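Work through the exercises below with the sequence and the model side by side, and try each task before reading its solution.

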Amino acid sequence: MVGVEPKKGVSPVIASVLMVVIAIVLVGFAYTMFSGMAKTAGTAGTRAMGEMEKSYQKLEIVTAIYNTSNNKLCFKIRAPGSNTLTIPIEGYMTYLIDGQAVTVTNNLAGCPITGTPNCTDTGLDLSPGDSCYGAVTWTAGYPYLFEIQHDWGAYDSIAPTYT
């Protein structure tokens, strides 16, 4: 035939093989990309759950007594039995009197309350229901408010009684 060109192109068999290969490559790429994201999301979710669990833990100031004869504020802190985690104390706590950060001592001499462990003990952790004791020397007049702040978010405050 004159003026008719023969059809040129890829044979149907080769076209089918190419489509299958392209589909396999795309599925492999998608699997690699999404499995990496799933692992990252799983790790981040686990970390977020742990941080949220920490934020539910509480600490309570059971008592705070200011001894006017020796300028010592003595206190007892307790981790409630409702806590689900053991709370680390050393290096995580901030103690405040009337909004000013103070240093807790391990000397409970002259305190109307005593006990062990001391809140300054190395490596101290408070399991649910456990308590610790401490003292602060305060010479700036009668303290109005004693506060504790923990890095996990636990907070409590109390107006000290006087002896």
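**Exercise 1. Describe the disulfide of Cys119 and Cys132, and then the other one.**

Solution. Cys119 and Cys132 form a disulfide, with 2.0 Å between their sulfur atoms; the term stands for a pair of cysteine sulfur atoms within 2.5 Å. Before going on, note that this is a predicted model, in which local features need pLDDT of at least 70 and side-chain atom pairs count only at pLDDT 80 or more, while totals for chains, interfaces and linings use all residues. Residues are numbered from 1 along each chain as its sequence is written, and side-chain values use heavy atoms, with hydrogens and water left out.

The next step is the handedness: the torsion about the S-S bond of Cys119 and Cys132 is about 95°, so this disulfide is right-handed. The pair links distant parts of the chain, since Cys119 lies in the loop between β5 and β6 and Cys132 in strand β7, 13 residues apart; strands are DSSP runs of E with at least two residues, and they are numbered from the N terminus. Cys119 counts as buried at 4% relative accessibility, and Cys132 counts as buried at 0%, where buried means under 20% relative accessible area, exposed over 50% and partly exposed in between (1.4 Å probe, protein chains only).

Now turn to the remaining disulfide, for the structure holds 2 of them. Cys74 is joined to Cys111, with an S to S distance of 2.0 Å, and the link of Cys74 and Cys111 is left-handed, with -75° about the S-S bond. Here too distant parts of the chain are linked, with Cys74 in strand β2 and Cys111 in the loop between β5 and β6 (125-126), 37 residues apart. Cys74 is buried at a relative accessible area of 0%, and Cys111 is buried at 12%. When the bonded cysteines are counted along the chain, the disulfides follow the pattern 1-2, 3-4.

**Exercise 2. In which order do the strands of the open sheet of 4 strands lie, and which strands form its edges?**

Solution. The order is β5-β4-β8-β9, with antiparallel pairing; two strands pair if DSSP finds at least two bridges between them. The edge strands are β5 (100-102) and β9 (155-158), each of which pairs on one side only. Neighbouring strands of this sheet are turned by 30° against each other on average, direction ignored, where axes are lines fitted to C-alpha atoms and angles run from 0 to 180 degrees between N-to-C directions.

Next, examine individual pairings. Strand β4 (residues 93-97) runs antiparallel to strand β8 (residues 146-150) and is joined to it by 5 bridges, and Met93 stands opposite His150 in β8. On the other pairing, β8 and β9 are antiparallel over 4 bridges, with Asp156 in β9 as the bridge partner of Ile148. The hairpin of β8 and β9 has 4 residues between the strands, and in this hairpin Gly153 takes a positive phi near 110°.

**Exercise 3. Which residues have the most contacts inside the largest nonpolar core?**

Solution. A nonpolar core is a set of buried Ala, Val, Leu, Ile, Met, Phe, Trp, Tyr and Cys residues joined through side-chain atoms within 4.5 Å. The largest one has 25 residues, and those with the most contacts inside it are Leu59, Phe75, Ile77, Tyr95 and Phe146. At least two residues of this core come from each of β1 (60-67), β2 (72-78), β4, β7 (131-137) and β8. Apart from it lies another core, of 7 residues, among them Cys74, Cys111, Tyr133 and Ala135.

**Exercise 4. How many aromatic pairs are there, and how are the rings of Phe75 and Phe146 placed?**

Solution. Rings of Phe, Tyr and Trp (its six-membered ring) pair if their centres lie within 6.5 Å, and planes under 30 degrees apart count as stacked, over 60 as edge-to-face and the rest as tilted. By this rule the count comes to 5 aromatic pairs. The rings of Phe75 and Phe146 have their centres 4.8 Å apart and their planes at 35°, so the pair is tilted. Phe75 lies in strand β2 and Phe146 in strand β8, so the pair ties together parts that are 71 residues apart in sequence. Both Phe75 and Phe146 are buried.
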